[in-house]
Amino acid sequence: MNLMGESAREAARTLALASSEEKNKALHMMADAIRKHETAIINANQKDMNSAKQKELPAAFLDRLSLDAKRIEAIACGIDAIAQLPDPVGTILAETKRPNQLTITRVSVPIGVIGVIYESRPNVTADAAALCLKSGNAVILRGGSESFHSAKAIMTALHEGIKQTSLPINVIQMLPGTDRALVDEMLKMDKYIDVIIPRGGMKLIETISSQTRIPLFKHLAGICHTYIHEAADKDMARKIVLNAKMRRTGICGATEILLIDKAAVLSHLPDILSDLIQSGCEIRGDNEVLKLNPAIKQASDQDYDTEFLDAIIAVKIVQDITQAITHIAKHGTQHTDAIITEDEAAAERFLKEVDSAIVMHNTSTQFADGGEFGMGAEMGIATGKLHARGPVGVSQLTTFKYVIHGKGQIRP
């Protein structure tokens, strides 16, 4: 592990000096290699899928784990898209000239070595590697044991791509096995790793936080709300809610809690509930919601604090926008929250008062994704407030330093 850390630190120094052309060439070679290794990646993924099915893991988990030709092409396209982004390194962020004629420039630079610990999504292997390379950072990856074979096959392809360039292969490394002791050792590597990005559930993040001194970009649970205001367009609300919940239920941007103004219940909610039920969604509601459809189950208090990551939604009727905002402040995770309304004043109030990394008006929470933000891909949605917040793309994987130019000045 120390050798891995040392080689990552050395590779990071080389990568920090690489030109945009060198980095972009490596990314395109990596994307081509992913396409070339499609069969091998699918075969490796099948091993992981078979094991997960034997363990009777939930359908939402299997969806996150599964790879097919379409998803592999999406991985490759994501890497190509990252190559097309502006280089975030070397950007002049600010420049001032002091009265004594000193020129002070703030310039973006790579963070250094990034550790990424993630669970069942094998595509994170490629996304994280590409984002780190583009931003000039070496990366050490640790995927979940359930996706180990898939991640290893993707890593093989990525290394093949890098070998066709002048960059050191150790800019991207992956822990060699699934032993938990490797993760424990990784969390002690503050001498080598500058920041760790955990991608997974609350339990993973809480465990990592308690065991490391390395700074984290935290991605807390995605308890995302969609709030239907009394002035919401009925057809728009119906379309958005169905997409926000059911497009992909296992992603962090999926709506988990539906709030609706009491004044809009009879006009808006029955059709929305019918759409969700017909699409296979289990609905858990408060006492008033239960009266609208016999298929609805009683919601517990815990349901409003749960990231289901499944075809389940908790529905609550609120009196007005004030109560909706209060509910989100109490039960949300500062990830993504949306309002549906034609009242611009209400929308503006919601967007200002809801303290989440992403706030939305008249659109689906499923857009909470770095790719949809034009970032090519993302490391996750950071819900903290220091350094990075929202989708973590290439710009968020840089820091800065001050460059001072003088002409012999000395301080009096």
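Asn362 is partly exposed, with a relative accessible area of 21%. Here buried means under 20% relative accessible area, exposed over 50%, and partly exposed in between, for a 1.4 Å probe and protein chains only. The model is predicted: local features need pLDDT of at least 70, side-chain atom pairs count only at pLDDT 80 or more, and totals for chains, interfaces and linings use all residues. Residues are numbered from 1 along each chain as its sequence is written, and side-chain values use heavy atoms, with hydrogens and water left out.

Asn362 lies in the loop between strand 13 (358-361) and strand 14 (381-382). Helices (H or I, at least four residues) and strands (E, at least two) are DSSP runs, numbered from the N terminus. The phi of Asn362 is near 55°, a positive value in a residue other than glycine. Most residues other than glycine have a negative phi. Gln334 also has a positive phi, of about 60°, and is not a glycine. The loop that holds Gln334 runs between helix 13 (321-331) and strand 12 (336-340). Gln334 counts as partly exposed, at 30% relative accessibility.

Strand 6 (residues 195-199) has 5 of its 5 residues buried, so it is largely enclosed by the rest of the structure. Val195, Ile197 and Arg199 point one way from the strand, while Ile196 and Pro198 point the other way. In a regular strand the side chains alternate between the two faces of the sheet. Strand 6 pairs with strand 3 in the parallel sense over 5 bridges; pairing requires that DSSP finds at least two bridges between the strands. Pro198 of strand 6 is the bridge partner of Ile117. Lys188 sits in the loop between helix 8 and strand 6. Lys188 counts as exposed, at 56% relative accessibility. Lys188 and Gly144 are 44 residues apart in sequence and 19 Å apart in space, C-alpha to C-alpha.

Gly144 is also among the residues lining the second largest pocket, as are Ile117, Arg180 and Lys203. A pocket is found on a 1 Å grid over the protein atoms alone, as an open set of points where a 1.4 Å probe fits, with protein on both sides within 12 Å along at least five of seven lines; lining residues have an atom within 4 Å of a point. The volume of this pocket is about 200 Å³, a volume being the space filled by probe spheres set on the points, which are joined across faces, edges and corners. Strand 3 (113-118), helix 8 (180-186) and helix 9 (202-211) each give two or more residues to its lining. Helix 9 supplies the largest share, 3 residues.

The largest pocket has a volume of about 1300 Å³. Its lining comprises 48 residues, of which Arg121, Asn123, Arg248, Ile251 and Asp369 lie nearest the centre. Helix 4 (59-65), helix 5 (69-84) and helix 6 (123-134) are the elements that give two or more residues to this lining. The largest share, 5 residues, comes from helix 5.

The largest nonpolar core has 55 residues, and Ile34, Ile79, Leu133 and Ile172 have the most contacts inside it. Such a core is a set of buried Ala, Val, Leu, Ile, Met, Phe, Trp, Tyr and Cys residues joined through side-chain atoms within 4.5 Å. A second, separate core of 23 residues includes Ala237, Val241, Leu273 and Ile296. Leu133 touches residues including Leu15, Lys23, Met30 and Ile172, not counting those up to four places away in sequence; contact means heavy atoms within 4.5 Å.
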